[in-house]
2 protein chains.
Amino acid sequence: MTLLVVGSVAYDSVSTAAGTRDDALGGSATYFSVSSSFFTKVNVVAVIGDDFLESDKKKLLDYKIDISNLSTESGNTFRWKGVYDTSDVNIRETLDTQLNVFENFNPILSNSNKQSDYLFLANIAPDLQMKTLTQMSKRPKIVALDTMNFWIDDHKKDLTSIIEKVDILFMDNKEISSFTGETNLIAAARRIEEIGPSTIVIKKGEHGVIMFNKGDVFTAPALPIANVIDPTGAGDSFAGGFMGYIAKTNDTSNENLRRAIIAGSVMGSLAIEGFSIERFNKLTKNEIEDRFSRFIDITSFKTTGIT
Amino acid sequence: MTLLVVGSVAYDSVSTAAGTRDDALGGSATYFSVSSSFFTKVNVVAVIGDDFLESDKKKLLDYKIDISNLSTESGNTFRWKGVYDTSDVNIRETLDTQLNVFENFNPILSNSNKQSDYLFLANIAPDLQMKTLTQMSKRPKIVALDTMNFWIDDHKKDLTSIIEKVDILFMDNKEISSFTGETNLIAAARRIEEIGPSTIVIKKGEHGVIMFNKGDVFTAPALPIANVIDPTGAGDSFAGGFMGYIAKTNDTSNENLRRAIIAGSVMGSLAIEGFSIERFNKLTKNEIEDRFSRFIDITSFKTTGIT
């Protein structure tokens with residue numbers, strides 16, 4: 001089925017213990033679409049500047065991503081610069097953010113995009129997420145949304161308005177506690193359910209994911225990775241695997257959402273093994289299946305009684 | 001098989017969002033032995049003061065715990081006082097610690113204890129852990145050790161000496177990073193393996209557990225608990241379930257260690273639902289099995305391929 005993502009396409013300058021990259025292809029829509037492309041056809045709505053390289057367009061096309069709604073505006077592409085602590089990769093500092101053409105981003109959906117079956121509102125301003133959703137000519141089967149602390153802290157009203165309208169909410173554990181005022185994740189998920197979404201996917205980074213879905217609870221670990229190169233984009237790659245798998249299977253049952261969580265975890269675990277989208281280059285279905293098997297392996301135990 | 005624990009028996013005064021308890025039965029050996037008693041016979045080596053209540057001795061006896069090596073010294077029982085943040089139960093502050101009779105604790109094993117098949121060195125001073133191990137007249141099948149940041153920070157040499165001699169090391173994720181200087185848990189586990197233990201159980205509180213066992217990796221979530229009453233003793237109860245299950249089954253295969261991790265997680269999830277050891281009162285095997293089923297439920301997904 002068709003999958004649409006609206007989000008950012010960016011040039012990231014990143015420094016980690018493993019090295020540095022300057023102006024490498026990044027952004028929430030980039031990671032999401034590249035990751036989901038391994039499962040389904042994905043259309044991306046985003047804005048780039050006139051400095052955007054043809055070679056980077058070609059990279060996206062190589063993943064068979066539909067970039068016909070990637071609009072080019074005069075000016076520079078959105079830029080982000082950050083540094084990860086060399087001894088603890090979970091700690092990062094943003095050095096610079098230049099919105100550039102993203103400042104006036106106005107997502108415009110083509111007629112075919114308005115018919116998409118699955119929609120992912122990646123981490124951008126809540127009013128842009130709303131602008132995207134209201135353009136849909138039919139209600140997608142699933143609308144999912146990701147966000148970040150900045151929108152929770154400074155744009156909570158707008159954010160709440162769009163969260164009310166979505167089916168699946170992605171937040172990390174700190175974000176959901178901040179948004180709901182609840183540190184207990186069960187209580188936090190209940191607050192979200194009261195607002196609207198029936199599925200809450202709480203991302204905990206190296207501690208994995210917990211999903212609350214209509215009364216059901218599912219937990220998935222993160223795959224321990226010996227050599228984390230660059231954590232940038234892990235959450236968007238996770239979401240891409242999750243939504244890509246759902247769109248591919250066109251199955252929104254609880255059982256299938258659980259498998260989608262693992263598909264997302266697989267893609268997130270791959271993303272961090274390279275800078276930018278480098279790890280996805282030449283990634284094969286066999287490698288994805290091998291990693292899926294690793295998730296089976298690290299979570300399995302004999303289920304006969306213990307007493 | 002026989003299971004021996006050396007550790008602390010204490011009176012804890014605890015304040016949480018759910019209420020307070022003064023001088024309630026606590027300590028690492030208490031939680032461990034009560035928890036493990038649901039799986040196997042357990043012998044406890046510890047010291048109590050002459051203020052220790054007969055009713056508390058009776059509580060331990062009710063769990064069929066062997067307290068014949070619980071020595072009584074003149075003076076007061078070890079006391080700990082702490083308060084948990086009312087909005088975030090993961091944050092706690094120690095208000096007072098009185099070692100009392102524990103200051104001169106000298107663990108003495110009876111002849112039968114020296115023959116124990118399984119030994120748990122709960123969180124006490126490393127030299128006391130060593131004194132216990134060296135008294136064993138035969139090498140136990142498994143020696144496991146727990147510790148805490150205080151010993152890592154201020155008694156690292158002694159601690160390293162005893163860790164060299166054990167099979168299974170329990171630490172939380174912060175402790176193992178502090179001890180090894182590695183924030184990546186795979187790297188940290190490798191450092192521990194170089195020292196001696198072949199099994200490393202990393203406790204991550206609400207984020208569950210990860211076990212590294214001779215090249216194998218196993219992850220287990222913590223069961224999300226809506227109403228956490230008192231987290232005190234969760235780690236010791238976890239260890240009690242883990243070691244109790246191994247002693248009961250007398251099976252140290254990797255597959256069985258994985259089930260032991262879940263058994264421990266079950267007992268840890270119960271411990272935090274009450275102050276002190278209250279939740280274990282009248283706990284039935286059915287309740288334990290029900291909770292084991294919950295762990296199966298929250299971790300299960302269909303394992304056919306995803307691509």
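How many bridges join β6(A) to strand β7 of chain A, and do the two run parallel or antiparallel? There are 6 bridges, and the strands run antiparallel. Before going on, a caution: this is a predicted model.

Let's stay with those strands. β7 covers residues 92–98 of chain A. Look at one pair across the gap: Tyr84(A) stands opposite Arg92(A) in β7(A). Now turn to another partner of β6. Strand β2, residues 10–16 of chain A, pairs with strand β6, residues 78–84 of chain A. This pairing is parallel, over 6 bridges. Here Tyr11(A) faces Arg79(A) in β6(A).

Next, the open sheet in chain A. It has 9 strands. Read the order with me: β5-β4-β1-β8-β9-β10-β11-β12-β13. The pairing is mixed. Which strands sit at the edges? They are β5 (70–73) and β13 (216–220) of chain A, and each pairs on one side only. On average, neighbouring strands of the sheet are turned by 15° against each other, ignoring direction.

Take two places in that sheet. First place: β10, residues 168–172, and β11, residues 199–203, both of chain A. They pair in the parallel sense, over 5 bridges. Ile168(A) has Thr199(A) of β11(A) opposite. Met211(A) has Phe218(A) in β13(A) as its bridge partner. The hairpin of these two strands has 2 residues between them. In that hairpin, Lys214(A) takes a positive phi near 50°.

Now the helices of chain A. Helix α7, residues 185–195, lies across β10, β11 and β12 of chain A. Against β11(A), α7 runs at about 140°. Then there is α6, residues 173–180 of chain A. Its buried residues are Glu175(A), Ile176(A), Ser177(A), Phe179(A) and Thr180(A). What do the buried residues of α6(A) pack against? They pack against α4 (149–154), β10, α7 and β11 of chain A.

On to the cores. In soluble globular proteins, nonpolar side chains tend to be buried together. In this model, the largest nonpolar core has 98 residues. Which of its residues touch the most other members? Val5(A) and Leu169(A) do. Helix α9 of chain A, residues 254–271, gives the most to this core: 9 residues. Let's zoom in on Leu169(A). Set aside its neighbours within four places in sequence. Leu169(A) is then in contact with Leu145(A), Ile163(A), Ile192(A), Pro197(A), Ile200(A) and Val201(A).

A rotation of 180°, with 0.0 Å of shift along its axis, superposes chain B on chain A. The RMSD is 0.0 Å. The two copies are therefore related as by a two-fold rotation axis. Which residue of chain B has the C-alpha nearest that axis? It is His207(B), at 3.0 Å. Both copies use the same surface: 100% of the contact residues of chain B recur in chain A.

How many residues does the contact take from each chain? It takes 37 residues from chain B and 37 residues from chain A. On the chain B side, α7 (185–195), β13 (216–220), α9 (254–271) and α10 (285–299) each supply at least two residues. α10(B) gives the most, with 7 residues. By type, the side of chain B that touches chain A divides into 20 nonpolar, 9 polar and 8 charged residues.

Last stop: two places in chain B. Ile296(B) sits in helix α10 of chain B. Is Ile296(B) buried or exposed? It counts as exposed, because it has 12 C-beta neighbours inside 10 Å. Now go to Ser33(B). In sequence, Ser33(B) and Ile296(B) are 263 residues apart. In space they are 25 Å apart, C-alpha to C-alpha. Ser33(B) is one of the buried residues of α1(B). In that helix, residues 28–36 of chain B, 9 of the 9 residues are buried, so α1(B) is largely enclosed by the rest of the structure.

Definitions and conventions
Residues are numbered from 1 along each chain as its sequence is written. Chains are lettered from A and ligands numbered from 1 in the order in which they are written. This is a predicted model: local features need pLDDT of at least 70, side-chain atom pairs count only at pLDDT 80 or more; totals for chains, interfaces and linings use all residues. Two residues are in contact if their C-beta atoms, placed from the backbone, lie within 7 Å. Helices (H or I, at least four residues) and strands (E, at least two) are DSSP runs, numbered from the N terminus. Ala, Val, Leu, Ile, Met, Phe, Trp, Tyr, Cys and Pro count as nonpolar, Asp, Glu, Lys and Arg as charged, and the others, Gly among them, as polar. A nonpolar core is a set of buried Ala, Val, Leu, Ile, Met, Phe, Trp, Tyr and Cys residues joined through C-beta atoms within 7 Å. A residue is buried if 20 or more other C-beta atoms lie within 10 Å of its own, exposed if 12 or fewer, and partly exposed in between; C-beta atoms are placed from the backbone. Two strands pair if DSSP finds at least two bridges between them. Axes are lines fitted to C-alpha atoms, for helices over the stretch in contact, and angles run from 0 to 180 degrees between N-to-C directions. Copies are superposed by least squares on the C-alpha atoms of residues with pLDDT of at least 70 in both.
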